[in-house]
Amino acid sequence: MSPLNDRADRAGHTAIAGCGTGGAAEAVHHLDRLILLGIAADLHRRTRLRDGESHDPCAVAEDLGAAPRHRWIAGHWLAALHENGLVSRNGAGGYHGLHSPRRAELAEARTRMGSARAALGYPAELAELMLRSLRLLPALLSDEVGVQALLYPDGELTTAEAVYRGNLISRYLNAAAAEVLRDLAERVNRPLRILELGAGVGATTADLLPALAGHPVEFYLFTDLSPFFLDTARRRFGAGFLRYALLDIARDLPHQPGGLDLVVAATMAHNAPHVGRLLDQVAALLAPGGRVLLIETVREHPQSLTSMPFALSTAGGPPERHDARAGTTRTYLRREEWLAALGGSGLRVDVDLPRQGDPLTALSQRLFVATR
């Protein structure tokens, strides 16, 4: 891997210096287990799976009173429970033998969550989000409560900041990303042109902007699908070289005459119906030597099962995918799939972090940087 990979890795670890990472894998396991047990308890309490017979996901969704667009989530959960040994599945796709968590088992999982949260540098708001989502499963499934109300209670960003910025892996990845931008700014001999896709709460933007200090910038185009995030960003970051625009990555990306130096997509490129097509479009926007910077989850951990699927549901059910995820309910691409997709779009991967063997890999979030 490139020298830039080494510098970005050092910058990331400097940002979390003093924070132990050796227990990351165990901590992730405990948080995943809490959510799995909570889902199993809810299914045992509210569905026919408690009778010991085999039932298909559609029947379980009916018992749960799931809204039409959320009915697919029952099958998604059952697959995760099966993968983790908490329910059995027969050859016909019916589920049976659901584990019924004991009260003491749930209490122990709740207790372990506290130490796991601290080990991963998760703020208290993130732990509360997990517990609140479990309490609200019936209302989430029936669509009486939207997941946005969990992530942005009363329009506040504190919880979302905890999810996307205020934790160990986000601090590492954002600091590494900022080092990549500093390196780029020193190499380009004209004002920089930058596009950020799906910038959301600006969790990555906030760490990238300081890296531009002292460097000429023609524009930094902050885009998102939601006017809410654009308005929030305007208040937070102001104007200057920052511009703001609505953009849906499922549609064609904007044309930038002369080419872009950097396209940023932090925890959002997986939302594209076909990531290969998105990366082809991104590559076409880049000037020679321009870079794409991705922060991506490469495995769906159970701890996100009570939030992420609800955010992805469409009027027709699960999100439509036309890439390696086609025909599945997978949310994310694997690391190897991202590397292949970047290469397939004519981009050379220069940064792939965390390094293999780093305890941070247990969190399954990565930084990819590729150059045209």
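1. Start with the loop between α7 (137-141) and α8 (147-151), where Asp143 lies. This is a predicted model. In it, the phi of Asp143 is near 70°, a positive value in a residue other than glycine. Most residues other than glycine have a negative phi, and most peptide bonds are trans. Asp143 is partly exposed, because its relative accessible area is 31%.

2. Next, look at the loop between β8 and β9, which holds Ser364. Ser364 has a phi near 60°, again a positive value in a residue other than glycine. Is Ser364 buried or exposed? Ser364 is buried, because its relative accessible area is 8% and the cut-off for buried is under 20%.

3. Pro354 also needs a check. Its place is in the loop between β8 (348-353) and β9 (365-371). The peptide bond from Leu353 to Pro354 is cis, and its omega is near 0°.

4. Now turn to strand β3, which spans residues 192-197. Six of its six residues are buried, so the rest of the structure largely encloses this strand. Both faces of β3 are covered. On one side sit Leu192, Ile194 and Glu196, and on the other sit Arg193, Leu195 and Leu197.

5. Which strands pair with β3? One is β4 (residues 217-224), joined to β3 by five bridges. Another is β6 (residues 260-266), joined to β3 by four bridges. Strands β3 and β4 run parallel, and β3 and β6 run parallel too. To trace the pairing on screen, find Ile194, which stands opposite Tyr220 in β4. Then find Glu196, which stands opposite Val264 in β6.

6. The rings come next. There are seven aromatic pairs in the structure. One of them joins Phe222 and Tyr244, with 5.7 Å from centre to centre and 55° between the planes, and it is tilted. This pair links distant parts of the chain: Phe222 is in strand β4 and Tyr244 is in strand β5 (residues 242-246), 22 residues apart. Phe222 is buried, because its relative accessible area is 0%. Tyr244 is buried as well, with a relative accessible area of 16%.

7. Why is the pair of Phe228 and Phe229 edge-to-face? The ring planes stand at 65°, so the pair counts as edge-to-face, since the cut-off is over 60 degrees. The ring centres are 5.3 Å apart. Phe228 is partly exposed, with a relative accessible area of 33%. Phe229, at 12% relative accessibility, counts as buried.

8. Then the second largest pocket. About 430 Å³ of space lies in it. How many residues line the second largest pocket? The lining has 17 residues, and His76, Glu83, Arg299, Glu300 and Arg330 lie nearest the centre of the pocket. By type, the lining divides into six nonpolar, six polar and five charged residues.

9. Last, take Gln281. Helix α13 (residues 275-285) contains Gln281. Which residues does Gln281 touch, not counting those up to four places away in sequence? They are Arg251, Asp252 and Leu253. Gln281 is buried, because its relative accessible area is 16%.

Technical notes: Residues are numbered from 1 along each chain as its sequence is written. This is a predicted model: local features need pLDDT of at least 70, side-chain atom pairs count only at pLDDT 80 or more; totals for chains, interfaces and linings use all residues. Side-chain values use heavy atoms; hydrogens and water are left out. Helices (H or I, at least four residues) and strands (E, at least two) are DSSP runs, numbered from the N terminus. Buried means under 20% relative accessible area, exposed over 50%, partly exposed in between (1.4 Å probe, protein chains only). Contact means heavy atoms within 4.5 Å. Two strands pair if DSSP finds at least two bridges between them. On a 1 Å grid over the protein atoms alone, a cavity is a set of points where a 1.4 Å probe fits but cannot get out, and a pocket is an open set with protein on both sides within 12 Å along at least five of seven lines; lining residues have an atom within 4 Å of a point. Grid points are joined across faces, edges and corners, and a volume is the space filled by probe spheres set on the points. Ala, Val, Leu, Ile, Met, Phe, Trp, Tyr, Cys and Pro count as nonpolar, Asp, Glu, Lys and Arg as charged, and the others, Gly among them, as polar. Rings of Phe, Tyr and Trp (its six-membered ring) pair if their centres lie within 6.5 Å; planes under 30 degrees apart count as stacked, over 60 as edge-to-face and the rest as tilted.
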